[in-house]
Amino acid sequence: MFSAADHEFMARALRLAARGLASTTPNPRVGCVIVRDGRVVGEGWHERAGQPHAEVFALAAAGEAARGAEVYVTLEPCAHYGRTPPCAEALRAAGVGRVVVALDDPDPRVAGRGIALLRAAGIRVETGLLADEARELNIGFISRLTRARPWVRLKMAGSLDGRTALADGRSQWITGAAARADGQRWRARACAILSASGTVLADDPQLSARADDGSLLPRQPLKVIVDSQLRTPTHARLLASGQILFACAEREPSRSAALEARAAEVLVVPGVAGKVDLAALLAELARRGVNEVHVEAGQGLAGALMSAGLVDEFLFYLAPCLLGTTAQGMFALPPLGDLTQRPLLKIRDVRQVGDDLRIVARSA
């Protein structure tokens, strides 16, 4: 159905889409390539919400050469008016001859309407080319639209024997500089960074996303702190910049007011036994347009998320060292009665980053 050239041009569109990896939220990452007589005449990608979509940039670059041309786009062209006009209408008006779409858009405002509009205009539309790659690029966007919760990626750095800190909590640094820089890139693509008050009290992290040179990136993910009793002190470094949301189980007036005076938001999400309802918190983040959540926390929150079935992906960085049984582990999980109860993971990628090992895994 699809030729080698089709694959080549769609792969190019996917590479363009990836340029918006850290900037398009809450919108999807989309790339577009326009081809005339086997030659690229226009291309573009969606850079950030509120700005033109990929198809608009590509059409502007192609000009009159777009008439009768082939268009390769990684996500179904939108068919609704939002902050920008519908891209399907722009393609129709440009008189393109063929549109190849990698993935249908799950947004109910689109959901096949873009493809239907193009076909009604007599434009040949084909779908499904490199769909898996396109889905991975927008896995958080798809999760939010289809499951009403973000894609949750849990990052853990530790030793080869699965220990994340000494018994007294010291953990800086178990992994090397290359692994820490790689972790920053995963932070940057997330819409929100989720941590817990225990981590804030122990490490006083900034939870900011930084470039390789250490400078702050233009778009900073929302910082979300699970803090059932609002223990975070007002001098915590994470309060110095960015948007911060504290999720608590009960609103304590004086502590809430102190945090709000530092421009933080306090959200009450009561769960059982005085804890935060993590599922409800994720649902609220999805309602706010959060696609991907990057979790950096200790074994308590990590274990709670796992026990609730809320972790979609694991990002492990393992250093070539051993810390022993007295050191802190990765997950606080209830004891297993049998090995058949152990959580099973499917490893998707393994590679060396500096001196450390990076493993990407998902629930089996």
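Is Arg48 buried, partly exposed or exposed? Arg48 is partly exposed, because its relative accessible area is 39%, and buried would require under 20%. This value, like the others below, comes from a predicted model.

## Salt bridges

The structure holds 32 salt bridges. In one of them the side chains of Arg48 and Glu47 meet, with an N to O distance of 4.0 Å. Glu47, with a relative accessible area of 25%, is partly exposed. Another salt bridge joins the side chains of Glu89 and Arg92 at 2.5 Å, N to O. Both of these residues lie in helix H3 (residues 87–94), 3 residues apart, which is about one turn of the helix. Glu89 counts as partly exposed at 27% relative accessibility, and Arg92 is also partly exposed, with a relative accessible area of 37%.

Glu126 forms a salt bridge with Arg124, and the closest N and O atoms are 2.8 Å apart. Glu126 is buried, since its relative accessible area is 6%. Salt bridges with shared partners also join Arg29, Glu136, Arg153, Arg189, Glu292, Glu313, Arg348 and Arg362 into one network.

## Nonpolar cores

The largest nonpolar core has 43 residues. Within this core, the residues with the most contacts are Met10, Ile34, Val96 and Val99. Helix H1 (residues 4–17) gives the most to the core, with 6 residues. Apart from it lies another core, of 34 residues, which includes Val152, Leu154, Val276 and Ile359.

Leaving aside neighbours within four places in sequence, Met10 is in contact with Tyr72, Val73, Thr74, Val100, Val101, Ala102, Leu129 and Leu130.

## Aromatic pairs

The count of aromatic pairs comes to 4. The ring centres of Phe9 and Tyr72 are 5.4 Å apart and their planes stand at 45°, so this pair is tilted. Phe9 belongs to helix H1 and Tyr72 to strand E3 (residues 70–73), so that the pair links distant parts of the chain, 63 residues apart. Both Phe9 and Tyr72 are buried.

Phe314 and Phe331 form an edge-to-face pair, at 6.2 Å centre to centre with 80° between the planes. Phe314 is in strand E13 (residues 313–319), while Phe331 is in the loop between strand E14 (328–329) and strand E15 (345–353), 17 residues apart. Phe314 counts as buried, at 2% relative accessibility, whereas Phe331, at 22%, counts as partly exposed. Ring pairs link Phe314, Phe316 and Phe331 into a cluster.

## Helix H11 and its cover

Helix H11 (residues 299–307) has as its buried residues Leu301, Ala302, Gly303, Leu305 and Met306. The elements that cover them include strand E6 (151–159), strand E8 (192–196), strand E9 (222–226), helix H10 (278–287), strand E12 (292–296) and E13. Just after H11, Gly309 takes a positive phi of about 70°.

## Loops and backbone geometry

Thr25 and Pro26 are joined by a cis peptide bond, with omega about 5°. Pro26 has its place in the loop between H1 and strand E1 (31–36).

Two alanines have positive phi. Ala111 has a phi near 40°, a positive value in a residue other than glycine. Ala111 lies in the loop between strand E4 (98–101) and helix H4 (113–120), and is partly exposed, with a relative accessible area of 46%. For Ala263, phi is near 70°, again positive in a residue other than glycine. The loop that holds Ala263 runs between helix H9 (253–260) and strand E11 (265–268). Ala263 is exposed, with a relative accessible area of 64%.

Asn138 is found in the loop between helix H5 (131–137) and helix H6 (139–147). At 4% relative accessibility, Asn138 counts as buried. Beyond its neighbours within four places in sequence, Asn138 is in contact with Pro28 and Arg29.

## Surface patch

Ile347, Val350 and Leu357 make a nonpolar surface patch of about 240 Å². Leu357 is found in strand E16 (residues 356–363) and counts as partly exposed, at 30% relative accessibility.

Note on methods
Residues numbered from 1 in each chain as written. Heavy atoms only, no water. Patch = residues over 30% accessible without salt bridge, like charges linked within 9 Å, V, L, I, M, F, W, Y side chains within 5 Å. Areas by Shrake-Rupley, 256 points an atom, 1.4 Å probe, with all protein chains shown as cover. Helix = DSSP H or I, 4+ residues; strand = E, 2+ residues; numbered from the N terminus. Buried < 20%, exposed > 50% of the residue type's maximum accessible area, 1.4 Å probe, protein only. Core = buried A, V, L, I, M, F, W, Y, C linked by side-chain atoms within 4.5 Å. Contact = heavy atoms within 4.5 Å. Phe/Tyr/Trp six-rings, centres within 6.5 Å; stacked < 30°, edge-to-face > 60°.
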